[in-house]
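Colleague: I have a structure open and would like to learn how to read its features. Could you walk me through them?

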Amino acid sequence: MRHLFNVFGQIMAIEMTDDRWQSYLMGPDGKRRKVQLAIPSDVTGAELAQYLYDIYHENATPTNGDVFEIVGSRAPD
């Protein structure tokens, strides 16, 4: 399962692969770059936004102050 998030203005893809979460930053051209982010495998898809908020909250700005899943982005891989 793939989830796409806006994390304080940056687009991040989170995918479950081999029972592990993998995370990627998405570039404006659609290319992705792997992020070294440890997400425990027991974090559910529904909990990912809060987890990302907790990790990246210092990146919040007045114009980008939240983490949210981009609607319609979930698609089986």
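**Strands, helix and pocket**

Modeller: Happy to; let us begin with a strand pair, where F5 stands opposite E69 in β5. Strands here are DSSP runs of E with at least two residues, helices are runs of H or I with at least four, and both are numbered from the N terminus. Two strands pair if DSSP finds at least two bridges between them. This is a predicted model, in which local features need pLDDT of at least 70 and side-chain atom pairs count only at pLDDT 80 or more, while totals for chains, interfaces and linings use all residues. Residues are numbered from 1 along each chain as its sequence is written, and side-chain values use heavy atoms, with hydrogens and water left out.

Colleague: How many bridges join β1 to β5, and how many join β1 to β2?

Modeller: β1 and β5 are paired antiparallel over three bridges. Between β1 and β2, also antiparallel, there are six bridges, and H3 faces I14 of β2. β1 and β2 make a hairpin with two residues between them, and F8 in that turn has a positive phi of about 50 degrees.

Colleague: Is β1 enclosed or open?

Modeller: For burial, we take under 20% relative accessible area as buried, over 50% as exposed and anything in between as partly exposed, using a 1.4 Å probe and protein chains only. Five of the six residues of β1 are buried, so β1 is largely enclosed by the rest of the structure.

Colleague: Which residues of helix α1 are buried?

Modeller: In α1, residues 48–56, they are L48, Y51, L52 and Y56. These residues lie on the same side of α1, because they cover an arc of only 110 degrees around the axis; the arc is that of the directions from the helix axis to the C-beta atoms. The buried residues of α1 pack against β1 (2–7), β2 (10–17), β3 (20–26), β4 (32–35) and β5 (67–69), where contact means heavy atoms within 4.5 Å.

Colleague: What does A60 contact, leaving aside its neighbours within four places in sequence?

Modeller: A60 touches F8 and G65. A60 sits in the loop between α1 and β5 and is partly exposed, at 35% relative accessibility. Its C-alpha atom is 8.5 Å from that of G9, although A60 and G9 are 51 residues apart along the chain.

Colleague: Where is D18 found, and what about D19?

Modeller: D18 belongs to the loop between β2 and β3, and D19 is in the loop between β2 and β3 as well. D18, not a glycine, has a positive phi of about 50 degrees; D19, also other than glycine, has phi near 60 degrees. D18 is exposed at 70% relative accessibility, and D19 is exposed at 65%.

Colleague: How are β3 and β4 joined?

Modeller: Four bridges link β3 and β4 in antiparallel fashion, with S23 partnered by V35 in β4. Their hairpin has five residues between the strands, and G30 there takes a positive phi near 90 degrees.

Colleague: Which residues line the largest pocket?

Modeller: Rolling a probe the size of a water molecule over the atoms shows where empty space is left. The lining consists of R20, W21, Q22, S23, K34, V35, Q36, L37, A38, I39 and S41. β3 and β4 are the elements that give two or more residues to this lining, and β3 gives the most, with four residues. On a 1 Å grid over the protein atoms alone, a cavity is a set of points where a 1.4 Å probe fits but cannot get out, while a pocket is an open set with protein on both sides within 12 Å along at least five of seven lines; lining residues have an atom within 4 Å of a point.
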